[in-house]
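Please find below a colleague's note on the structure shown here. The points are numbered so that each may be taken up separately.

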Amino acid sequence: MKPVKPIRKFTVRAVVPGALSALEELAGNLRWSWHEPTKRLFEHIDPELWRSSRRDPVAFLGEVDPARLEALAADGAYVEWAERERAGLREYLAEPRWFQSLGADAPRLVAYFSPEFGITAALPQYSGGLGILAGDHLKAASDLGVPLVGVGLFYKAGYFSQSISPDGWQQERYPVLDPDGLPLSVLRRPDGAPVQITLALPDDGSLHARVWKADVGRIPLLMLDTDIPANTDELRSVTDRLYGGGGEHRLLQELLLGIGGARAVRAFTELANLPAPDVFHMNEGHAGFLGLERIATHIAEGLSFAQALQVVRAGTVFTTHTPVAAGIDRFDHGLVERYLTSSLLPGVEPADAMALGVEPAADPATSAFNMAVMGLRLAQHANGVSKLHGEVSRRMFGDLWPGFDADDVPITSITNGVHAPTWTDPALLGLAEATLGTGDSEHADWQSGALSDGEFWTVKRRMRLQLVEEARRRLSAAWSEQHGGTQPPQWVARVLDPDTLTVGFARRVPTYKRLTLMLQDPDRLKTILTNPDRPVQFVIAGKAHPADDEGKRLIQQLVQFAQQPELRERIVFLPDYDMGMAELLYPGCDVWLNNPLRPLEACGTSGMKAAMNGALNLSILDGWWAEYAGDDYGWIIPSADAAGDAGERDALEAAALYDLLEHRVATRYYERDGDGVPVEWVRRVRRTLATLVPELGADRMVRQYVERLYRPAAEQAGRVEADGDRGARELAAFGGRVRKAWPGVHVTHVESGGVESPHVGDELRLRAYVELDGLAPDDVTVEVVYGRSRVDESIEGARRVALQPAVPDAAADTSGPRLYTGTVVLDRAGAFGYTVRVVPRHPLMLSAAEFGLVAVAG
Ligand SMILES: *Cc1c(COP(=O)(O)O)cnc(C)c1O
């Protein structure tokens, strides 16, 4: 029999007795998602229901028995407890925190745009790492008191729910969310009317959106939603799913996120009486259109496109998250051209807007419109998300700054971090509180003698057991769902074991992450899993993008491998990876496995969360692990960079993985003292918690964003906007002038002296003749670039020294080449190389490469 399906669902909000109004206030701010005491307050009402409502206070309050609430309302101690938590929340929201100590020149307000936000499983508006990072960014900004507003979209069905068919194929479902059953409120004007954001579309159409607001601690998060009656049916579905549709659907989402988002921020700050943001942060290219909207507003105030561009760039931060081409949005040229009209962006010449997305060296008339390229052109401040990814990005986007070395490319890096209060298991927090005297497990002294190895190991076992039980529950439910509601077979209740070395692997399933590397040699893996003395078990999870059949095939391979009767209790694939599962998965693992194709993992954050929960990492030296790997923190799987082809590389790296697992990891894990405690293992884990984990927090990351990007961006915005945008006007005029003159700028001739038989300590004297073609000497820097010369003619570890005009300006003959001179001290033995180059110079430039103009000798 088919169950009756409702045609419409809505949520009736609970009537909570007045004495317990604190519960509603606490449920209304998503700070509960990382505040354990608040969760305990809810759990106390009905522990069983709390679990079954997936620890979501709003859903929970909607289902709890009103009689139980009435009883608690009469329970003085409970009411007092709730009031205490409410007072704690209010204090948290108001008190000065780290940011408030920074002084008056700190940014006024940062607007942080992201296509996805992963804050809690109860608000599924994320697909993976990018969104969870954005959620962690908001939470850490809240904890640090950073004035920030998040901007995203509200997707009616989020990403998707995954189930697996009996033959291992991924199935997608799109359960529709009811915003009324979520801790969201509609942004309204003082008269009660909802704020409506409107975008002009081609052929006199328009797209309307309402704005939901969530409170993430101190941080408001605005989410635009097109599912309102003002739209045609087709346009109502613009925000139906995250990363759901094809080109045009996706373009509409991104126009809404960028342009609509910037308009929503304006409406919100006006209503809330907040200052306008001085910093705009694009979390990946998807929100890039926000720069165009801001350009349009400055044009309306009287600036030209070039001047407005300088204002916008000064205050914009762009973060790139992927070196994988498929991860970057590129739209058909004609499609974007059709949408970027002057009704959408009044005052902006469509051709100027289109030029921002043209890929380097492509034909401007037909080039795909590249959102990352546009992001980099609109942002004077840019970064990758780990040191290695910064290097990779400087090479990958280097063509945007032709003639410059990768080292000159103005993209820095800030390594991602994860929000410890969200991601640390309560059992570990409890242990720190009970034995180390602090509830801040991220900064506790985990190596202290106050905690014994035995106690630690007991708690870790409990965390593993919790995962084992959860896996059995999930597999049992999945079995029943697959088999028409029948009881699962006995073995499902036996999968996994709380005393076996547990390896976790969970992430999205793009090809480069190599979900199935472990299956390179199935017999070898089988031997490792079923070793009678040193068994190993694997817990695996991950979603493939709905359009990615290759990814689905990988999942199928893995599921089919794990279905073998002799293996199915040792290796499991858990369907529907999400934050709710992640919260139990990381704490339950002893080892976190990551084997991407180096260097395609920009950062990877799951290994950080695992480390935070007492796991060691077993990983390719990529992303964050490339800068933080240490002997006690886990193991490095060597990359077979010299392999002949992809197949050979996979085989070599898999063989190394098996060797490590069998001969290093499992042997160490099962090395026990008389009490059954793996003393050396525990030592490593405790050292990881004490010395590595404090580096991995989102608090470290957000501080770095504030100090290294937000603050300079706010200052730079202040400089170009001062005095009626004088700086922006000057910089735009300067850019126009040097661009025009540049074809005539040359280093015509370089002479050197003092180096007939050079020794360390000698001086190299340089004389360079430079043709400036009408530019003033102050408009340029003439500099020698020198360092160790390599066989490929490049200069390693290049350093630069400016040369000075030999004749003062007033006395100079401006008709021919100008002479510049200077010296370099040879302070190192070995091969030496140098060249001379000319670059534009202006006090408001932050990087010599900024205009992409350089003239090099020879
Ligand atoms: C942390 C996390 C991710 C990101 O993991 P990566 O290692 O960066 O791929 C994806 N999904 C969930 C549910 C997570 O918690």
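This is a predicted model: local features need pLDDT of at least 70, side-chain atom pairs count only at pLDDT 80 or more; totals for chains, interfaces and linings use all residues.

1. Overall dimensions. The protein chain has a radius of gyration of 29 Å, and this agrees with the value near 29 Å that a compact globule of 858 residues would have. Along the principal axes, the C-alpha trace spans about 90 × 70 × 50 Å.

2. Secondary structure and packing. The protein chain contains 26 helices and 30 strands. Of its 858 residues, 57% count as buried.

3. The annotated domain. An unreviewed UniProt entry places the feature "domain: DUF3417" at residues 17-123. Within the model, this span is 52% helix and 6% strand, and its end C-alpha atoms lie 26 Å apart.

4. The annotated lysine. The UniProt annotation "modified residue: N6-(pyridoxal phosphate)lysine", again from an unreviewed entry, covers Lys609. In the model, Lys609 belongs to helix α22, which runs over residues 606-612.

5. Surroundings of Lys609. Is Lys609 buried or exposed? Its relative accessible area is 4%, so Lys609 is classed as buried, the cut-off being under 20%. Leaving aside residues up to four places away in sequence, Lys609 touches Ile132, Val418, Trp423 and Tyr586.

6. Cavities. How many cavities of 30 Å³ or more does the model hold? The count comes to five. The largest cavity has a volume of about 80 Å³.

7. Lining of the largest cavity. The residues that line the largest cavity include Tyr786, Gly787 and Arg788, together with Arg799. The lining also takes in Leu826, Asp827, Arg828, Ala829, Gly830, Ala831 and Phe832. Strand β25, residues 780-789, gives the most to this lining, with three residues.

8. By residue class, the lining of the largest cavity divides into five nonpolar, two polar and four charged residues. Arg799 and Asp827 are among the lining residues, and both count as charged.

Technical notes
Residues are numbered from 1 along each chain as its sequence is written. Side-chain values use heavy atoms; hydrogens and water are left out. On a 1 Å grid over the protein atoms alone, a cavity is a set of points where a 1.4 Å probe fits but cannot get out, and a pocket is an open set with protein on both sides within 12 Å along at least five of seven lines; lining residues have an atom within 4 Å of a point. Grid points are joined across faces, edges and corners, and a volume is the space filled by probe spheres set on the points. Helices (H or I, at least four residues) and strands (E, at least two) are DSSP runs, numbered from the N terminus. UniProt positions are given in the numbering used here, feature names are shortened, and annotations may be inferred rather than shown by experiment. The radius of gyration is taken over C-alpha atoms; the globule rule is 2.2 Å times the number of residues to the power 0.38. Buried means under 20% relative accessible area, exposed over 50%, partly exposed in between (1.4 Å probe, protein chains only). Contact means heavy atoms within 4.5 Å.
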